[in-house]
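Open the model in your viewer and keep the sequence panel beside it. We will go from stop to stop, selecting as we go.

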Amino acid sequence: MFSKLSLMRTGAVALCMALAPLSVSAQTLSKQGDPTPVKDEDGKYFDKSGAPTYNIKPDGTVDWATYSGYRRYHAECHVCHGPDGMGSTYAPALIDSLKTMDYDHFQEVVVGGRQNVGGGNEKVMPSFGLNKNVMCYLDDIYVYLRARSDDALGRARPAKREDKTPVITATEKACLGE
Ligand code: HEC
């Protein structure tokens with residue numbers, strides 16, 4: 001009796017927890033939030049919500065993640081999502097997607113993939129969860145697309161960039177298992 005009741009209560013709590021983030025993201029649906037970096041962790045920048053963000057100087061110098069994300073995007077995502085995040089007939093423009101998608105949701109789709117079958121369509125967003133060439137650079141790809149989505153970065157390859165810090169190099173090696 002007691003265990004059944006507590007089970008029901010646990011269920012109700014779980015439901016509330018599942019619903020809570022939904023209403024939050026509905027409120028912030030119109031944009032990613034303020035991209036201003038408030039934290040610099042060895043060359044990686046974070047906004048006030050803790051999400052990775054870009055840091056582009058007035059002279060056009062981009063942070064390492066933006067530059068790396070540009071390269072990784074064009075190696076792994078471009079083939080379906082078009083050059084510079086602009087979309088294709090097959091897959092959506094990610095510079096538009098990021099206007100309504102927060103960091104967590106972005107990660108979720110890239111890790112798990114998504115299938116949109118029906119109505120004559122058979123479009124598949126592959127799951128990249130086991131692909132180290134994507135997973136080890138997921139924040140970089142996100143940061144790059146965020147800058148593109150905010151119009152903080154144009155379509156060209158970033159000409160000037162910050163140096164890759166030793167910590168970024170070490171983290172990358174550890175992730176790739178080198
Ligand atoms: C084989 C083609 C293909 C590749 C490669 C690919 N995607 Fe996709 N992606 C798609 C398709 C198709 C969709 C739309 C799926 C749907 O309609 O639900 C999609 C959807 C998405 C979405 C959700 C967009 C939205 O508006 O809901 C994100 C985010 C995304 N992809 C990110 C990426 C990233 C990042 C990469 C590179 C690491 C990548 N994709 C590589 C085909 C691809």
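Helices (H or I, at least four residues) and strands (E, at least two) are DSSP runs, numbered from the N terminus. This is a predicted model: local features need pLDDT of at least 70, side-chain atom pairs count only at pLDDT 80 or more, and totals for chains, interfaces and linings use all residues. Residues are numbered from 1 along each chain as its sequence is written.

**Stop 1: a strand residue**

Select Lys39, which lies in strand S1 (residues 39-41). Is Lys39 buried or exposed? A residue is buried if 20 or more other C-beta atoms lie within 10 Å of its own, exposed if 12 or fewer, and partly exposed in between; C-beta atoms are placed from the backbone. Lys39 has 11 other C-beta atoms within 10 Å, so it is exposed.

Leaving aside neighbours within four places in sequence, Lys39 is in contact with both Tyr45 and Phe46. Contact means that the C-beta atoms of two residues, placed from the backbone, lie within 7 Å.

**Stop 2**

Show S1, S2 and S3 together. They form an open sheet of three strands in the order S1-S2-S3, with antiparallel pairing. S1 and S3 stand at the edges with a single partner strand each, so one side of each has no neighbour in the sheet. Two strands pair if DSSP finds at least two bridges between them. S2 and S3 are joined by two bridges and run antiparallel. Find Phe46 here; opposite it stands Pro52 in S3.

**Stop 3: a loop residue**

Move to Asp63, in the loop between S3 and H2. Is Asp63 buried or exposed? Asp63 is buried, because 26 other C-beta atoms lie within 10 Å. Not counting residues up to four places away in sequence, Asp63 touches Gly43, Tyr45, Tyr54, Asn55 and Glu162. Lys44 is 19 residues from Asp63 in sequence, yet the two are 7.7 Å apart, C-alpha to C-alpha.

**Stop 4: helix H2**

Select helix H2 (64-76). The expected span of a helix is 1.5 Å times one less than its number of residues. For the 13 residues of H2 that gives 18 Å, and the end C-alpha atoms are 18 Å apart, which agrees. Colour its buried residues, including Trp64, Tyr67, Tyr70 and Tyr73. The buried residues of H2 pack against strand S2 (44-46), strand S3 (52-53), H3, H7 and helix H8 (166-176).

**Stop 5: the core**

A nonpolar core is a set of buried Ala, Val, Leu, Ile, Met, Phe, Trp, Tyr and Cys residues joined through C-beta atoms within 7 Å. Which residues touch the most other members of the largest one? Select Ile141, Tyr142, Tyr144 and Leu145, out of 26 residues in that core. Helices H2, H4, H5 and H7 (138-149) each supply at least two residues of this core. H7 gives the largest share, seven residues. Centre on Tyr142: not counting residues up to four places away in sequence, it touches Pro52, Tyr103 and Phe106.

**Last stop: the whole protein**

Zoom out. The protein has eight helices and five strands. Along the sequence they follow the pattern α-β-β-β-α-α-α-α-β-β-α-α-α. Of the 178 residues, 25% are buried.
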